[in-house]
Amino acid sequence: MLSTMAPSFLSTNKLFEYLHFDADLPKALGLTPPPFSSSSTYHQLLYISRYLQQLECKTVLLESRYVDRDYMEDHSVFYSRSLTGYPNYCRRLHFFNEAKDAVEAEFVKLLQEAAGDNEPERALRRKSRAFSARAYLGFCVIKPLEGSPVGRTVLRPYGPKADDGSLRVFDSTRLYQAHVAGLELTVAGLAFQQQDVGVSACATTALWSSLHKAKDLEDVGPATPAQITSLASRFSLPFGRSMPSEGLSVDQMCQAIRAFELAPHLLRPRSFQAARPLVYAAIRSGFAPILIIRRTTATSITTAHAVTATGVKLVEPTRPRFFAPNIWDYSQAMTALYVHDDRVGPYEKASVRDADGQLHLLMDEPTSAADEVTPKEDWTLTHILLPLHGKIRLSFSSLYNLLLRLTKKIGKRDDVGASIATEMFILKGPAYLRSLGLRGDSAALPGEIVKQLPLSRYVAVIRFRFSSDVTDVLIDTTSTEKNLHFLAVVTTSKASALASDLAQWCGCPLVM
Amino acid sequence: MTDRDPKASYTFECEGQAPENWEDQLQVLADDVASSVILTEEDYAVRVNALDDGTILSFD
């Protein structure tokens, strides 16, 4: 009998099932590569399997019929019009670091305990959050596309301490909720999916991940891969048809961002020294920057690629150096990035290095397997693309220049004894106040700030850290380089001569 | 995502000292960073299309 359905996808008849984690997810899911597909067809799924092993995953909860917003749109626009009868639903896998029986029992226990509480809904949410923080590793949508099955996938990032003692910071992530059997599970991460070269290639997928983070900050409309590719191709088709997608130009990527009512902020760093602080600041600000990278293969073919940066690794194997007397910049401690590379997987480590004066990223080849000595691809960063709110008018380059000017003034002082670390970032006003108040020793500062001055929607911060104290120069992001508007200098130190001087130099109030 | 800055509880150790000509070097860095916003038509024409099976569809 001739069938046009994907057979293995429909092989299970249970809608909801707890399973022991199998490190070979393609096999466990019964996936069969399409004829003549490359040996790397399931590379992303195998990468996710290995990643979950590192997170000590023990149990998988399989939902066999899951309606995914992104895939439904892709199906509607593209796959529903194929001769092959692709289903319009997916499978979803949830991952836990506790044993199967324990997870199954916990689902019942949480509901039972909450039912006995005076405020059962609140209690259930609180208990579900606590359970998620302890045991939930995230989820992975499996699309009914045998050649590109990995759909929206949100996994917990690596822990803050690496084996070599260095620090991992994932500022470009957000909280996601997954509703399963009456519970609301939560996971902090950033959405990943692989390209299908139908509605999306790497450019669309990198934009999609970055817009997921933008949606956490602003009320951006739904941005599915199909919508991104369509909006990117609305006014310009420099390379022919938009679907099947064979990539986008940088111009089209900017058009797509604008179509979602955000402002595309494009930077082209000319050197390693210039690129490093800009990349660091964009990730630190939580904007999940899209990094456009380029490499020339052994056969002299040049190709461009896009990845989304989610976090940084600080310090090892090199240590930062002072760039002014006793002053150093946190970006100098950035030795690797963690990027979503749709050809490889989420949170792929990309080592940062300076070669020929340019910022290079050393990344795994997409075809490398777990048991191989991983070959590295050497990519050169060419552009940084950020989807920003339109009221962020100050560019990161203007902000860094301001940081350098202030550093120069501080470096000339005779009283800079202890080491000072500096960095710059842009945060929403409330997020800045919250982060300041949560330091513990400065709980009264947010109240003092709002008593004395109105904050812009986003505030730019140039931070100087002396041991445990911080002094922040706050700048209105709606102002421009020529007409800078300093909001205040905020310090956690009660007797900081430097903070007073900074306030004087910037012509703004000192809040302490 | 991180409300509490994890760097605050991490001990960073720096190497060496600032270079003698640190002011000049800061100026070079400032000029470099300022030039990051200077873009040309070629920058926007770059085609971003690396595929996951190693295929390269076109060149720019």
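Student: Which strands make up the open sheet of six strands in chain A, and in what order?

Tutor: The order is β13-β18-β19-β20-β21-β22 in chain A, and the pairing is mixed; here strands (E, at least two residues) and helices (H or I, at least four) are DSSP runs numbered from the N terminus, and two strands pair if DSSP finds at least two bridges between them. This is a predicted model, in which local features need pLDDT of at least 70 and side-chain atom pairs count only at pLDDT 80 or more, while totals for chains, interfaces and linings use all residues. Residues are numbered from 1 along each chain as its sequence is written, with chains lettered from A and ligands numbered from 1 in the order in which they are written.

Student: Which strands are at the edges there?

Tutor: Those are β13 (327–329) and β22 (510–511) of chain A, each of which pairs on one side only. Elsewhere in that sheet, β18 (residues 420–428) and β19 (residues 458–466) of chain A are antiparallel and joined over nine bridges, with A:Ile426 opposite A:Ala460 of β19(A).

Student: What about the sheet with five strands, what order does that have?

Tutor: That open sheet runs β1-β2-β3-β4-β5 in chain A with antiparallel pairing. Since β1 (16–20) and β5 (150–155) of chain A stand at its edges with a single partner strand each, one side of each is left without a neighbour in the sheet. On average, neighbouring strands are turned by 20° against each other, direction ignored, where axes are lines fitted to C-alpha atoms, for helices over the stretch in contact, and angles between N-to-C directions run from 0 to 180 degrees.

Student: How many bridges join β1(A) to β2?

Tutor: Five bridges join β1(A) to β2 (residues 59–66) of chain A, and A:Phe16 is opposite A:Glu63 in β2(A). A:Glu63 also stands opposite A:Arg92 in β3(A), where six bridges join β2(A) to β3(A) in the antiparallel sense.

Student: And β3 itself, how many of its residues are buried?

Tutor: Seven of the seven residues of β3 (residues 90–96) of chain A are buried, so this strand is largely enclosed by the rest of the structure; a residue is buried if 20 or more other C-beta atoms, placed from the backbone, lie within 10 Å of its own, exposed if 12 or fewer, and partly exposed in between.

Student: Which of them point which way?

Tutor: A:Cys90, A:Arg92, A:His94 and A:Phe96 point one way from β3(A), and A:Arg91, A:Leu93 and A:Phe95 point the other way. In a regular strand the side chains alternate between the two faces of the sheet. On the β4 side, A:Phe95 has A:Gly138 as its bridge partner in β4(A).

Student: Switching to chain B, how many residues of chain A are in contact with it?

Tutor: 73 residues of chain A are in contact with 43 residues of chain B, counting two residues as in contact if their C-beta atoms, placed from the backbone, lie within 7 Å. Helix α10 (residues 396–411) of chain A gives the most to chain A's side, with seven residues.

Student: Where do strands of the two chains pair?

Tutor: Strand β9 (residues 248–249) of chain A pairs with β1 (residues 47–48) of chain B in the antiparallel sense over two bridges, and B:Arg47 is the bridge partner of A:Ser249.

Student: What else is in chain B?

Tutor: Chain B has two helices and one strand, running α-α-β from the N terminus on, and 20% of its 60 residues are buried.
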